[in-house]
Amino acid sequence: MLIDFSKFSSIKIGGVFEVAEISYENASEFNGVIIGACNNILISPKPPNLGILSDDFKFIELLDDEILRVGAKTKSSQIYNFAKKQNLAGFEFLRGIPGTLGGLLTMNAGLKGFEISNSLVSATTSKGKFIRDELDFSYRKSEIPGVIFEAEFSVKSGFDSSLSDEISKARNNQPKGYSFGSCFKNPANDSAGRLIESVQLKGYKIGGCKFSEIHANFLINFDNGKFEDATKLINLAKKRVLEEHGVKLECEVKIV
């Protein structure tokens with residue numbers, strides 16, 4: 001299938017490329033990058049092979065009131081709404097996070113001490129089924145072999161509406177516009193946004209992209225920004241922060 005990434009991706013940057021539909025049958029043969037919902041990906045003018053999961057991977061079910069089984073193409077909003085309806089704790093932080101389960105696991109998505117891997121029991125991929133202890137998770141990063149098919153989570157009752165509201169309120173202060181969300185990971189005991197602001201890049205523009213005036217760690221496509229505009233800003237922030245603070249900024253964004 002053809003996908004126009006200037007419309008499909010959250011940053012609204014990219015050309016029109018052929019994307020393979022991934023099924024259970026052909027996943028093990030696929031050699032390329034799974035794009036998911038393309039919320040944290042910057043597509044280059046010459047990307048590698050791209051794939052997207054078929055709707056066979058879009059499901060969510062509660063097994064024996066103890067295990068939540070979720071397909072990798074299931075949207076985070078569906079997981080959040082299911083947990084809220086079923087009174088399941090531990091998924092409140094998903095409120096307002098875009099993407100699908102596959103991307104959430106790949107990035108080990110989280111907020112305020114919560115991470116998607118916290119209650120993970122197992123993940124099934126094109127390479128087999130792996131229990132939590134066989135997988136390596138860290139801050140905004142995971143090492144999961146193969147194409148992710150689905151995952152199972154241990155669940156308990158007690159959805160916390162007040163926590164959900166608190167998280168939603170915190171996100172309401174984030175900049176609007178076409179972006180990846182956070183562009184860089186926060187260094188230990190510091191903030192990427194503070195560091196970018198300290199090197200005078202808050203609000204800084206290159207072409208149609210800029211670091212937001214509201215939160216410097218948000219790279220915004222405000223006027224038909226191009227791949228080169230975004231990568232120049234990313235590299236400039238890395239360079240200045242390293243020179244002035246000795247800190248190596250690490251991207252949350254995957255540049256493909």
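Strand S14 (residues 148-154) is mostly covered, with six of its seven residues buried, where buried means under 20% relative accessible area, exposed over 50% and partly exposed in between (1.4 Å probe, protein chains only). Strands (E, at least two residues) and helices (H or I, at least four residues) are DSSP runs, numbered from the N terminus. The model is predicted: local features need pLDDT of at least 70, side-chain atom pairs count only at pLDDT 80 or more, and totals for chains, interfaces and linings use all residues. Residues are numbered from 1 along each chain as its sequence is written, and side-chain values use heavy atoms, with hydrogens and water left out.

S14 pairs with S7 in the antiparallel sense over five bridges; two strands count as paired if DSSP finds at least two bridges between them. Within this pairing, Glu 150 of S14 is the bridge partner of Gly 71. Strand S10 (residues 120-125) also pairs with S14, antiparallel and over five bridges. Here Ala 151 in S14 stands opposite Ala 123.

In H2 (residues 76-86), the buried residues are Ser 76, Ile 79, Tyr 80, Phe 82 and Ala 83. These residues cover an arc of only 165° around the axis, which puts them on the same side of H2; the arc is that of the directions from the helix axis to the C-beta atoms. An α-helix has 3.6 residues a turn, so residues three or four places apart point the same way. The cover over the buried residues of H2 includes strand S6 (60-63), strand S7 (67-71), helix H3 (101-106) and helix H4 (161-171), with contact meaning heavy atoms within 4.5 Å. Just after H2, Asn 87 takes a positive phi of about 60°.

Another part of the model holds a four-stranded sheet. This sheet is open, has the order S15-S18-S17-S16 and is antiparallel in its pairing. Strand S15 (178-182) and S16 are the edge strands, each pairing on one side only. S16 and S17 run antiparallel and are joined by two bridges, and Lys 205 stands opposite Lys 210 in S17.

The loop between S16 and S17 contains Gly 208. Gly 208 has a relative accessible area of 5%, so this residue is buried. Asn 221 is 13 residues from Gly 208 in sequence, yet the two are 6.0 Å apart in space, C-alpha to C-alpha. With neighbours within four places in sequence left aside, the contacts of Gly 208 are Ile 220, Asn 221, Phe 222, Asp 223, Gly 225 and Asp 229.

Helix H6 lies across S16, S17 and S18 and runs at about 25° to S17; axes are lines fitted to C-alpha atoms, for helices over the stretch in contact, and angles run from 0 to 180 degrees between N-to-C directions. The buried residues of H6 include Phe 227, Asp 229, Leu 233 and Val 241. Those buried residues pack against strand S4 (41-42), helix H5 (192-198), strand S16 (205-206), strand S17 (209-211), strand S18 (218-221) and strand S19 (254-255). At 1.5 Å a residue, the 19 residues of H6 (residues 227-245) should span 27 Å, and the end C-alpha atoms are 27 Å apart, which agrees; the expected span is 1.5 Å times one less than the number of residues. Gly 246 follows H6 and has a positive phi, near 70°.

Ser 44 lies in the loop between S4 and strand S5 (50-53). Its relative accessibility is 11%, so Ser 44 counts as buried. Beyond its neighbours within four places in sequence, Ser 44 is in contact with Phe 17, Phe 227 and Val 256.
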